[in-house]
Structure formats: structure tokens, C-alpha cells
Amino acid sequence: MTRFTVAIDGPAASGKGTISRAVAETFGFAHLDTGLLYRAVGKKALTFTDGPLDPDLAGNLAAHLTEADLAADDLRTAPVAQAASRVAAIPQVRAALLDFQKRFARREGGAVLDGRDIGTVICPDAEVKLFVTANDRTRAERRFAELTANGHETDLDTVLADLRARDKRDASRDAAPLKPAPDAHLLDTTELSIDAAVAEAVTKIKKRIGQGRD
Ligand SMILES: Nc1ncnc2c1ncn2[C@@H]1O[C@H](COP(=O)(O)OP(=O)(O)OP(=O)(O)O)[C@@H](O)[C@H]1O
Ligand SMILES: Nc1ccn([C@@H]2O[C@H](COP(=O)(O)O)[C@@H](O)[C@H]2O)c(=O)n1
């Protein structure tokens, strides 16, 4: 198998990153967390304003992301997540990040990408598409546990409001909104452990790989 793309989308904290990393490990695929691209642009945008940003300036920030921008250790904070969601609605930002993601997806050896528009815009021809969900309270509880374990001071209601605001903005924007591709498999992790959710994803991918054999 030379090229094989797995597209994993879903709302905030649904578990798509966790599943993507496990899939990459299992199959030896490269993994791209595309949310990090938007978080890095959002973080840069915050150095100008926490309000609306000029779309061309935002596109320019996205076009000049560096490895160091993506490696910053403060991309997972709540303000950066909200800023990411705001810049992600700007078409110039999405256009600047498009080619890199498309090239990553078709690299030799297989790739798994997770985000919001992977199955719909970045990789409409992906061999496997998953849309990962969980109810919003469960997602907030998981994210709250993660944030507190990492030393962030917050509370469950704030985390829940933050997720809902982001999901609403992501799903209602005109540019590449969050939605399942028509041919995506829905994977609701509300009642699933991490191992069970990963096992479902792995089974779907193995089945598709099996179909590709002569
Ligand atoms: N099935 C599960 N059961 C319990 N906890 C889970 C499950 N899946 C993921 N988690 C936990 O929930 C949190 C959010 O998961 P993850 O970071 O994978 O979500 P995400 O969809 O990639 O989030 P984001 O969109 O914010 O990047 C993590 O702490 C992760 O360990
Ligand atoms: N393909 C994508 C990926 C992400 N976004 C936006 O970035 C925000 C942060 O993403 P996380 O996956 O790290 O939570 C997210 O809320 C989206 O606004 C996107 O638009 N497209």
C-alpha cells in the first residue's frame, strides 16, 4: 500500500485526536492534527487583537507559519482555541493552509488527518472517513479532566460553554463548516472507552484495506 488516507472529523474534544494518534501508531501512518494549524494562526492573531482581524492580514499569518509556531507549548489554552475558531472562519486563512494539508494527505506510506473539514474539503477522496462525536457534557467532562490534570484552573461550566461556542461557530460558518461527509462513518464515543473507540476505527480501516487487495 503506498497512499492511503484516513480523514477524521468531529466537534471539539470528541476524541478525534486520540483516535488519530492510535490509528497512526497501528498502521504506521503519518498523522496531522490540523487543528494545530488554526491554533497557531489564532495565537498569532491574538498578538494583534482579540476582536475581528483583517482577513488579508490573517491569511498572511497563515501563509507564513513556521515549524516553531506549530511546536509552541501554549496552543492548547482556551483563549487560543477560541481565537483559532475565529480565524478558521476566514476564507483567506483556509486557502493559505489548503495545499499543505492536501499534500500531507497523499504522502507515501499513508496518512491520517483530523480536523473539521478533512472528509469534506481536504480529502474528499479519502479511503476511510470517520466523524467522531460524543454528547457535549461528556466532551466537556473529558476536556475539563485533561485541563485540570495539566494544571489549568477552570471549571466545568466554563469548559462546556467554550466547547458549545466553538462548535456553533465552526458549524455555522460559510467556509468549510464542520459537518460529516455524506460517506463518513459516524462514531459516537459517549459510551465508549478510548480502547473501544480506537478498536472501532481500526476495524473500519482494516476492512477497507482488505477491500483494496486483489
Ligand atoms: N472514548 C473516550 N473515553 C474517555 N476519554 C476520552 C475518550 N476519547 C478521548 N478522551 C479524552 O478526551 C479528551 C479529548 O480528546 P481529544 O483531545 O482526542 O479530542 P479532540 O477531538 O482531538 O479535541 P480537539 O478538537 O479540541 O483537538 C482527552 O483528554 C482524551 O484523553
Ligand atoms: N480542519 C480544521 C481543524 C480545526 N479547525 C478550527 O480550529 C479550531 C481548533 O481545532 P482543534 O481541533 O484543535 O480543537 C477549531 O475549533 C476550528 O475552528 C478548522 O476550522 N478546521
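**Exercise 1. State which residues UniProt lists for the domain "Cytidylate kinase", and describe that span in the model.**

Solution. The record, an unreviewed UniProt entry, lists residues 6-206 for "domain: Cytidylate kinase"; such positions are given in the numbering used here, feature names are shortened, and annotations may be inferred rather than shown by experiment. The model is predicted, so local features need pLDDT of at least 70 and side-chain atom pairs count only at pLDDT 80 or more, while totals for chains, interfaces and linings use all residues. Residues are numbered from 1 along each chain as its sequence is written, and chains are lettered from A and ligands numbered from 1 in the order in which they are written. Turning to the span itself, the end C-alpha atoms of residues 6-206 lie 11 Å apart, and the span is 56% helix and 11% strand. Here helices (H or I, at least four residues) and strands (E, at least two) are DSSP runs, numbered from the N terminus.

**Exercise 2. Work out what surrounds ligand 1, and which helices contribute to its shell.**

Solution. Begin with the count: 17 residues surround ligand 1, and the closest are G15, G17, T18, R142 and E146; a residue is near a molecule if its C-beta atom, placed from the backbone, lies within 6 Å of it. Next, assign the shell to elements, where α1 (16-27), α8 (136-149) and α10 (194-212) each supply at least two residues. Then sort by class, which gives 5 nonpolar, 8 polar and 4 charged residues. In this sorting, Ala, Val, Leu, Ile, Met, Phe, Trp, Tyr, Cys and Pro count as nonpolar, Asp, Glu, Lys and Arg as charged, and the others, Gly among them, as polar.

**Exercise 3. Compare with the UniProt "binding site", and examine A13 and T18 within it.**

Solution. The unreviewed entry places this annotation on G10, P11, A12, A13, S14, G15, K16, G17 and T18. Of these, A13 sits in the loop between β1 and α1, and A13 is buried because 24 other C-beta atoms lie within 10 Å. The rule is that a residue is buried if 20 or more other C-beta atoms lie within 10 Å of its own, exposed if 12 or fewer, and partly exposed in between, with C-beta atoms placed from the backbone. Leaving out residues up to four places away in sequence, A13 touches R139, R142, R143 and L163, contact meaning that the C-beta atoms, placed from the backbone, lie within 7 Å. A13 also has a positive phi of about 60 degrees although it is not a glycine. Most residues other than glycine have a negative phi. T18, by comparison, lies in helix α1, and T18 counts as partly exposed because it has 18 C-beta neighbours inside 10 Å.

**Exercise 4. Check the length of α10 and decide where its buried residues lie.**

Solution. The expected span is 1.5 Å times one less than the number of residues; for the 19 residues of α10 this gives 27 Å, and the end C-alpha atoms are 27 Å apart, which agrees. Now list the buried residues of α10, which are A197, V198, A201 and I205. They cover an arc of only 95 degrees around the axis, and therefore lie on the same side of α10; the arc is that of the directions from the helix axis to the C-beta atoms. The face turned away from this buried side carries the exposed residues D195, A196, T203, K207, G210 and Q211. Finally, the buried residues of α10 pack against β1 (5-9), α1, β4 (128-133) and β5 (185-188).

**Exercise 5. Describe the surroundings of ligand 2.**

Solution. Around ligand 2 there are 15 residues, and the closest are G35, Y38, S85, A88 and G115. The helices α2 (35-46), α5 (78-87) and α9 (156-172) each supply at least two residues of this shell. By class, the shell has 6 nonpolar, 4 polar and 5 charged residues.

How values were computed: Two residues are in contact if their C-beta atoms, placed from the backbone, lie within 7 Å.
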